[in-house]
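Okay, thanks for coming, everyone. Let me put the structure up, and then I'll walk you through a few parts of it.

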Amino acid sequence: MGSSPNITLHDKAFRPYLSAAELATAVEAVAARLSADYAGRRPLFVVVLTGGFMFASDLLKRYTGDCEIVFIRVASYEGTSSTGQVQEVLGLREDVQGRDLVLIEDIVDTGTTLHHLLPTLLAKKPASVEIAALFFKPASLRYPLKLNYIALEIPNDFVVGYGLDYDGLGRNLPEVYVAA
Ligand code: XMP
Ligand code: MG
């Protein structure tokens, strides 16, 4: 993405990092693996809002089997470092007992969000829980997590675009930018 210009969100400069085509290739690969692994099982995809919306949309339109889709909201996040504050799960009204759940997340950074969310979900006795995330920052991870469906591993830099925001801005961008 060398040819795209830098952008400014609020007071902060960002440079192009991943093109829409590079994102599509990575998302397609995860969709193909999920389609193969869950063939015949009718998984329940649990999209974690807000950041996961664009990844989920592109991922799930490439998922080939029967599935159900629900949306939840869990965490607040401000600025460029994780707050560690995780709110309760909102919006999960479906009975998930015995279901194969696949959480769809924008990014796993420290893992704090999932570390708090997983016990809440496991208490509802699903048959299985897997995590599909667009991004994973391995250098930041603080908790042991089983991350089987990662689209892209990235360095410990703040990224925006394709669902991810910097203080509310940038979620609509079709490509991903990194702090300049
Ligand atoms: P944890 O640390 O709980 O972080 O794994 C997960 C949540 O933190 C936010 N996050 C980011 N948001 N650019 C963003 O726009 C980033 O580089 C970034 N890193 C973490 C995000 O809300 C994610 O769900
Ligand atoms: Mg998030």
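So, which residues of helix 2 (residues 53-60) are buried? They are Met 54, Phe 55, Ala 56, Asp 58 and Leu 59. Before I go on, the housekeeping: this is a predicted model, where local features need pLDDT of at least 70, side-chain atom pairs count only at pLDDT 80 or more, and totals for chains, interfaces and linings use all residues. Residues are numbered from 1 along each chain as its sequence is written, while chains are lettered from A and ligands numbered from 1 in the order in which they are written.

Buried is 20 or more other C-beta atoms within 10 Å of a residue's own, exposed is 12 or fewer, partly exposed is in between, and the C-beta atoms are placed from the backbone. Helices (H or I, at least four residues) and strands (E, at least two) are DSSP runs, numbered from the N terminus.

Back to helix 2: what do its buried residues pack against? That would be helix 1 (20-37), strand 3 (44-49), strand 6 and strand 7 (128-136). Contact here is C-beta atoms, placed from the backbone, within 7 Å. Thr 50 sits in the loop between strand 3 and helix 2.

Now the core. The largest nonpolar core has 42 residues, and Ile 104 and Ala 132 have the most contacts inside it. A core like this is a set of buried Ala, Val, Leu, Ile, Met, Phe, Trp, Tyr and Cys residues joined through C-beta atoms within 7 Å. Leaving aside neighbours within four places in sequence, Ile 104 is in contact with residues including Phe 55, Ala 56 and Leu 59, and also with Ala 132.

Next, the strands. Strand 6 and strand 7 run parallel, joined by eight bridges, and Val 102 stands opposite Glu 130 in strand 7. Two strands pair, by the way, if DSSP finds at least two bridges between them. Strand 7 is also parallel to strand 8 (residues 149-153), with four bridges; there, Phe 135 stands opposite Leu 152. There's also an open sheet of four strands in the order 1-2-10-9, with antiparallel pairing. Its edges are strand 1 (7-9) and strand 9, each pairing on one side only.

What about the ligand? Around ligand 1 there are 18 residues, and the closest are Asp 109, Thr 110, Thr 112, Thr 113 and Leu 164. The cut-off is a C-beta atom, placed from the backbone, within 6 Å of the molecule. Strand 6 (100-108), helix 3 (112-122) and strand 9 (159-160) each give two or more residues to that shell, and strand 6 gives the most, with four.

Lys 125 has a positive phi of about 60° although it is not a glycine, and Lys 125 is in the loop between helix 3 and strand 7. Tyr 162 also isn't glycine, and its phi is positive, near 55°; Tyr 162 lies in the loop between strand 9 and strand 10. Which is buried and which is exposed? Lys 125 counts as exposed because it has 11 C-beta neighbours inside 10 Å. Tyr 162 has 25 inside that distance, so Tyr 162 counts as buried.

Note on methods:
Two residues are in contact if their C-beta atoms, placed from the backbone, lie within 7 Å.
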